[in-house]
Amino acid sequence: MKKFFAMLLALAMVLSLAACGGSGGSSDGSGSSQPSGGGSSGGDKVVRIGVFEPATGDSGAGGKQEMLGMQYGNKETPTVEIGGETYTVELVYADNASDASKAPTAASQLVSQDVSLVLGTYGSSSAIAGGPIFGEAGLAAIGVTCTNPGVTAGNDYYFRICFLDPFQGTVLANFAQEKFSAKKAYLLGELGNDYDQGLLNYFEQAFDGTCVKDSFPTNTSDFSTYLNKAVAEGADVIFCPVSIAYSTQIVKLAASMNLEIPILGSDTLDSNMVLEAAKGSNVQIYVSTFYQEGGAPDFDNGIKAWLAEDSTAMTNNGGNDTIAAVTAMGYDAYYVALEALKAAGSTDKGAVKAALPSLTYTGVSGDIAFDEVGDAIRDTAYIKTADNAAGAWTLETVQTAK
Amino acid sequence: MKNTSKKGAWIGLLCIAALLAAVVVLENVLDPNKNIMVFTALKKGAVYALVAVSMNLLNGFTGLFSLGQAGFMLLGAYTYAILTIPTSQRDAVYYIYNGSAINFSLPELFGGGAVGLVLGVLLALILGGCVAAVVAWLIGLPVLRLKSDYLAIATLGFGEIIRAVFQWDKLGPVTNGANALKNFPTFTSFNIQNANGETVLRLSTFVAFLLAGVCIAVIVLLINSTYGRAFKAIRDDEVAAEAMGINLSRHKRLAFVISSFFAGFGGGMFAMFANQAQAKTFTTAMTYEILLIVVIGGIGSVSGSCIAAFLYVAASEWWLRFLDAETFIGGVKVPLLRNGFRMVVFSVVIMIVVLFFRRGIMGDKELPDLLKKRRKEGAVK
Amino acid sequence: MQYAISILLSGVSLGGQYALIAIGYTMVYGILRLINFAHGDVFMVAGLMMVYLTASLPLAVSIPLVLILTVLLGFVIERAAYKPLREAPRMSVMISAIGVSYLLQNLATYITGGLPQMYPEIPGISATVSIAGVSTKWVTIVTPVLVLVLVAALTQLINHTKVGMAMRAVAKDFETAQLMGIKINAVISVTFIIGSFLAAVGSVLYFTNYQSIVPLSGSLPGLRAFVAAVFGGIGSIPGAVVGAFIIGLSESIIKGSNWSIFSDAFTFALLIIILVVKPTGLFGEKVTDKV
């Protein structure tokens, strides 16, 4: 009996603690990235933009790089003029842990915090799981780099500023044939990952030759058999649109075994962690991506300076200042959000949603406009190759879909 | 004695009815956007409560240590999703495979509309449970002969095998391969809208509670029946139970199949909650999560599992979320707080519960037992 | 031909690495009847420690330091999370193990921020070597040899020392051993120390081969090694080693075939078949239940 009361007491304590914590958390706005912003800008009016990104889980690394773009954008332009008044923009974060089962609660968290619109997420399956929650709440979401067609299809409230998997797969297949006159491709993706498998599929459809397709189970770290298989099959190219954690493994391994077959990757491979892994080796890496460093010098220099002074941001970028395309996309997404707020003339989420379809904006990654489904109208992809001596990306070609 | 238990049952029933009514009222009175966390957590809690109780039936009441829960949930979720995606949406969902191999949708077969929705969803959920049960029966033939840990690892293995099969792209026209199944009716489909598309009556949380409640009630009835007593006898001592004339293999199989049925049912509900069904969600990590709920609630306590499910979901995904954000109090940055810290704190809390409250919140008692005991003590005084 | 050799090589080296982890599982299970789910994560933490230590210390210092710290971690985990539950039902201990595994993974996520960490190159075993036209790292060749040496040493320890005798006695009958004056807790600690030491060695070999570490890096090798331990007959050290090599090779062969997506499923299917045919694994002893 005593124990029961002890339990109850403990429970009550935990509950009350959690309750104050919960309310404290939401009233504090879950931490804006610049605490001093509120005071100096004069205006007390605050507009909140939700950031629906993974910070943990297997897309954590990519999600963080994408957030960097938004944070930098927010640092650069912390206020926005809405309907003649100056509002301070506050970013509200919710970590969806790259997990479709955690995404609905993360999405709900943003809805409950009264945001005007949402940016994100990296990883399409979380976007698909969170989308209906935003839709139900009448909250518009701008997908930054979720490339799966299923994100916007059938959801009026989801928009996106990046190109789609069918486009990217086709572009890479064309590139493989033009550049390497490839007859045989070895395709490798993570089993059960819609992003990987979708791209493999589109590549296969567009590729005019034989494809050998393989999938590895989640958390695999031994890729030697797969790469050896590619060699044994006599493949002309390897296409592996896998997430950052796997791609670093694959590239490292390819480097150590002196693989001569070029590796093609999608936008996920466009990361300095991949560059780091390939540095000093003979691996040939080609990735299709949204942005090429040097495309907008002001942005490049600005964000590099910011990374240099903010050590946390630097760590989140993988320890150096090479700018990932997802960061540029995050930056553009932030400005699209500001444009939408301006166009709406109010912080009301309904007005923002109504303003989005007709919005156009020229960002560092190119022109952004939405079609009737809510997808970006984009027909160019940058193809970059890794310069292993310098540890940097160089632009190979700009590819358009045919 | 008989009378009091009957009275207890009535009181229990009344309490549940009151709870359901409270849920409906709350959901319609409170601002749906400001309080969306409450209802999302409640919905997920209801789903997890059912799945945890079904696991408890096996692990807590029959003493069979199975770790295949996520696999059975996957079966239920996929069956539910495949049977209920509207035919008009199928091409969009199965866009990689140029349409689905199955071209009907249960809610539409029942004539669409509200009636079709209710019947279709219900039937799909039950069929999801049945698929899980049939697979469990097949799996049970070889593996139920194994003892404790071996059974655990074999069922865990089956969960992984099921997942790999569903991710196989050759089955794509049915399972949609690696892609998520979506656009099927979810809990929010049960919100009643008027002609202008405005929601007049919100029933989404109520539906989740009702479905979970009915299933849990069935499990409770089962536990209190002769079968339930046989299960407990097997748990306490297999040899003695067999000596008492209990057919061991038959009862074990029965418990396994029933537990899997409700896991499958719960899996379907999970798909309704998550708005999508994708095989990669149903990992061993999910099984562990459910197992933790069962243990925190108390092995062998239905009400414990329910309470723990709600606490677990709310704590891990709602109350502790502030720990993830860098917070400034009076201009000073609070140390340690950054992304990932929430889960660290949460796992420490779990360790504390496991180590210091070994029997979980409820032990093997039920909520009514505790109340009764208190009343009795009061009377003595 | 080259392809076949490369598959074989990768299978053997995988098998060796799994073996080192599997021994930890099997020894703990033999004595405590506990599936130590945290073992795979200890392995991952050993890898991470190496990454952080080599950032500031030379390799010659950091390798021994990693071994010592991992051993310490294993010891602390046992004392903090398993010892208090010695009288509790077995399921509670297992849950505690799951809890520790959860904690270690979340801590790793918190500290690394979920970003993949690059394992340092270790001179000597990181170098590439060419065998019959297949290029691989030295570690691939070193691994099986090292495993055999360690296993031989371990068997000596278990069969011919006082501690080893105590361990065997405890594994045979926990309570009687206690009555005979064997210090149970010391024996259990030794078991965990040996297990963690081998996991640390395993992590050096494994991550030298596959260089990037994420918080979940331990879970798959951990699970595979556990399967290997069950496969070989849990509680038996030679069983664990044989099981590990079989699992490693079969995994490698399946990956090399056209059925690569079922490589995980196949491992488990193999396990289930073995369990059904021979419920205590290949080398497991038949246990009769006492009434």
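Of the 291 residues of chain C, 59% count as buried. A residue is buried if 20 or more other C-beta atoms lie within 10 Å of its own, exposed if 12 or fewer, and partly exposed in between, with C-beta atoms placed from the backbone. The model is predicted: local features need pLDDT of at least 70, side-chain atom pairs count only at pLDDT 80 or more, and totals for chains, interfaces and linings use all residues. Residues are numbered from 1 along each chain as its sequence is written, while chains are lettered from A and ligands numbered from 1 in the order in which they are written.

The secondary structure of chain C consists of eleven helices and four strands. Helices (H or I, at least four residues) and strands (E, at least two) are DSSP runs, numbered from the N terminus. The radius of gyration of chain C is 19 Å, close to the 19 Å that the globule rule gives for 291 residues, so chain C is as compact as a globular protein of that length. The radius is taken over C-alpha atoms, and the rule is 2.2 Å times the number of residues to the power 0.38. Along the principal axes, the C-alpha atoms of chain C fill a box of roughly 60 × 45 × 35 Å. Among contacts in chain C with a separation of 6 or more, 74% join residues 24 or more positions apart. Two residues are in contact if their C-beta atoms, placed from the backbone, lie within 7 Å.

Chain B has 16 helices and six strands. Its radius of gyration is 22 Å, close to the 21 Å from the globule rule for 381 residues, so chain B is as compact as a globular protein of that length. The C-alpha trace of chain B spans about 65 × 60 × 45 Å along its principal axes. Of its 381 residues, 56% are buried. Residues 24 or more positions apart make up 76% of the chain B contacts with a separation of 6 or more.

Chains B and C meet through 31 residues of chain B and 32 residues of chain C. On the chain B side, α6 (113–143), α7 (148–167), α13 (284–297) and α15 (341–356) each give two or more residues. α15(B) gives the most, with nine residues. By class, this side has 24 nonpolar, four polar and three charged residues. Ala, Val, Leu, Ile, Met, Phe, Trp, Tyr, Cys and Pro count as nonpolar, Asp, Glu, Lys and Arg as charged, and the others, Gly among them, as polar.

The contact between chains A and B takes 44 residues from chain A and 51 residues from chain B. Elements of chain A giving two or more residues are α1 (2–27), β3 (85–95), α4 (103–112), α5 and α7. The largest share, eight residues, comes from α1(A). The chain A side has 18 nonpolar, 21 polar and five charged residues.

Helix α7 of chain A (residues 194–206) has 13 residues. Its first and last C-alpha atoms are 18 Å apart, close to the 18 Å expected at 1.5 Å a residue. The expected span is 1.5 Å times one less than the number of residues. Ten of the 13 residues of α7(A) are buried, including Tyr195(A), Leu199(A) and Phe203(A). Their cover includes α5, α6 (165–180), β7 (184–190), β8 (210–216) and β9 (237–239) of chain A.
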